[in-house]
Amino acid sequence: MLERGFASPVLDDASAAELEERARVLRGAILTMTTLAASGHPGGSMSSLEIYLVLYHFANLDPARPHWEDRDRIAVSHGHTSPGVYCALADAGFFGLEDAVAHFRQVGSVFEGHVERSVPGVEWGTGNLGQGLSAGVGFALASRLTGRSHRTFVAMSDGEQHKGQVAEARRLAVRHRLHDLNVVVDLNGIQISGATTDVMPVDVAAGFAADGWGVLEVDGHDVRAVYAAVASAVADTSRPVAVIAHTVIGKGVSFMEGRAEFHGRGLTLEEYGRAMVELGCEPGLDGARERRRGVCMTPALHVRRRGFELDAGSPRTYTRDRHSDNRSAWGSALTDIAVASPEVPIAVLDCDLAASVKTGEFARIRPAGFVQCGVGEHNAATVAGALSVSDVLTFFSDFGVFGVDEVYNQQRLNDINEASVKLALTHCGLDVGEDGKTHQCIDYIGAFRSMFGWRVIVPADPNQTDRAVRAMPGIPGCVAIAMGRSKLPVLLDSTGEPLFAGDYAFEYGRADWAREGDDGVILTMGTVAGAAVEAADLVAGHGLAVGVCVVSAPLDLDGIAMERAVSAPWVLVAEDHASRTGLWASAAEWIASRGIGVRLASLGVTGYESSGDAAELLARAGLDSDGIAKLVRLLSDTAD
Ligand SMILES: Cc1ncc(C[n+]2csc(CCOP(=O)(O)OP(=O)(O)O)c2C)c(N)n1
């Protein structure tokens with residue numbers, strides 16, 4: 001076989017003959033695994049096979065070191081063609097072919113129905129179509145920011161070209177001149193419902209060309225042609241190049257070719273027998289079935305999620321005479337981190353909101369790390385995910401509604417891919433200025449509650465924001481920090497000193513008591529915390545000692561603080577968030593799961609609100625100091 005790296009412009013005769021023969025045998029393996037599993041996607045796997053063989057055999061990879069830092073990155077965007085991917089990876093030496101064939105789609109096996117990062121050689125888990133090119137853009141950007149000169153290849157299908165995220169990614173690749181990024185599209189003209197021209201006509205080549213990509217068109221089953229096109233794309237240092245590979249779904253088996261039904265079904269035993277004869281392959285079903293009774297020998301590749309140990313600069317202290325908004329405190333802390341740790345590759349992704357989300361100063365001092373994605377949030381979220389698994393400290397900053405609600409599934413896939421995105425959300429809650437209900441992100445805790453890896457931080461004032469932002473790089477995994485828009489009072493302790501300054505160090509999951517008191521407890525967070533403290537001070541004048549517990553991690557409540565809270569006659573949760581999915585829900589879960597009997601009252605957002613000044617909106621919802629104090633008095637008056 002030729003050397004890896006696509007240095008040779010053409011495939012030599014011996015390598016071509018060898019790949020052709022392997023393709024024949026592997027088509028049989030694809031059919032065996034999908035027939036045995038009685039599911040899966042044989043059609044697209046067979047049309048993409050030569051593409052996969054060329055990429056996995058000739059990209060700069062080392063099967064013995066799947067996480068080798070300088071390896072080329074290959075993202076497969078049409079993750080349902082996993083049988084083709086597994087066969088090509090096995091053929092290139094990443095694991096045993098028999099194992100993949102026998103344990104495909106079996107409970108507990110790494111060989112899932114759609115490609116996952118736990119499989120050696122797979123860089124990004126996909127299956128939700130249209131996200132792979134964004135991941136590729138992230139890998140290519142990472143190669144720039146880390147100074148590693150690896151290439152990135154993305155394999156895609158034609159059906160997924162419908163999706164807008166693909167166009168967002170194409171444009172970002174050109175805007176950043178990612179000439180070390182190449183795409184190969186499996187253009188088989190078929191998808192689930194029939195011909196792509198009927199389902200949704202897309203001129204794939206024209207789309208790439210219109211956005212500034214180089215475009216090459218080849219016969220996708222001719223290994224020499226595919227190789228030569230990819231080698232020529234690699235050699236083009238002026239722009240990213242897409243190779244449009246014309247293929248046939250179900251290629252190699254006459255009754256499967258061109259037929260949409262074989263997009264997503266395994267063969268019957270009779271069809272399997274006929275197909276194997278046509279391919280000239282030995283039927284392998286019995287042996288694979290036997291092997292399936294044993295355990296899968298390919299261990300899941302451990303995905304490393306690590307925090308950054310870096311110099312985060314010195315905390316800034318905000319005082320009562322130097323009020324600020326949390327988002328400005330976030331922007332300043334971000335800038336400090338970039339200045340204090342010049343050696344750390346940092347990316348900040350923006351979707352045309354830098355001035356509002358306060359990332360402008362970072363853009364000025366680290367222009368190479370500032371990634372302007374335009375109004376392309378789906379792409380930005382996935383690019384962030386891929387950057388974050390590539391040794392780049394990655395922040396994505398956006399309004400809450402765009403960074404969470406707009407891109408829920410991209411963030412979910414980031415979670416599944418064990419990414420480490422640091423998501424800085426501003427304009428959360430009703431505190432969005434006068435923009436109204438479309439812009440009020442009152443559900444972000446609920447969104448992340450439904451995922452398993454995301455952590456959420458809701459800082460209560462600029463000091464806590466400052467310290468939390470400086471701590472975020474050290475926290476492994478995906479972490480969101482959620483802030484409102486307005487200036488907030490600096491929280492003071494009962495002696496009048498800033499609560500989150502001095503010796504205070506942010507610790508994820510720890511709650512802090514702003515006021516002590518046993519007559520009742522207000523559990524609060526974020527924008528409303530200041531009003532809750534004021535309310536406690538108001539009722540103190542009437543002889544009520546109410547504790548105020550400031551929660552900064554609403555999805556991971558502080559057990560010690562909660563135990564203290566529930567020993568009071570009542571607990572009131574005050575939050576600028578929908579109560580039924582926010583902090584109140586967390587408290588209710590915590591209390592109910594322990595069988596504790598305590599009155600749990602709620603003051604939160606109960607519906608989409610109108611436009612208006614944030615202070616007025618919060619007051620209308622009862623989330624100002626008077627509203628909170630009123631409810632506190634009512635709770636105390638009606639307590640047993
Ligand atoms: C975002 C998203 N929408 C819908 C689907 C369901 N789906 C799975 S495959 C597929 C058709 C895709 O066409 P293509 O990738 O060209 O399929 P093939 O060539 O393998 O037949 C669809 C709609 C999905 N996986 N992801």
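Around the ligand stand 20 residues, of which Gly44, Ser157, Gly159, Gln191 and His263 are the closest; a residue is near a molecule if its C-beta atom, placed from the backbone, lies within 6 Å of it. The model is predicted: local features need pLDDT of at least 70, side-chain atom pairs count only at pLDDT 80 or more, and totals for chains, interfaces and linings use all residues. Residues are numbered from 1 along each chain as its sequence is written.

The shell around the ligand comprises 14 polar, four nonpolar and two charged residues. Here Ala, Val, Leu, Ile, Met, Phe, Trp, Tyr, Cys and Pro count as nonpolar, Asp, Glu, Lys and Arg as charged, and the others, Gly among them, as polar. Helix 2 (42-58) and strand 4 (190-191) each contribute at least two residues to this shell.

The protein as a whole has 24 helices and 20 strands, which are DSSP runs numbered from the N terminus (helices: H or I, at least four residues; strands: E, at least two). Of its 640 residues, 55% count as buried, that is, with 20 or more other C-beta atoms within 10 Å of their own.

In soluble globular proteins, nonpolar side chains tend to be buried together. The largest nonpolar core holds 211 residues, and those touching the most other members include Val243, Leu425 and Ile481. Such a core is a set of buried Ala, Val, Leu, Ile, Met, Phe, Trp, Tyr and Cys residues joined through C-beta atoms within 7 Å. Beyond its neighbours within four places in sequence, Ile481 is in contact (C-beta atoms within 7 Å) with residues including Trp330, Leu425 and Met472.

Methods
A residue is buried if 20 or more other C-beta atoms lie within 10 Å of its own, exposed if 12 or fewer, and partly exposed in between; C-beta atoms are placed from the backbone. Two residues are in contact if their C-beta atoms, placed from the backbone, lie within 7 Å.
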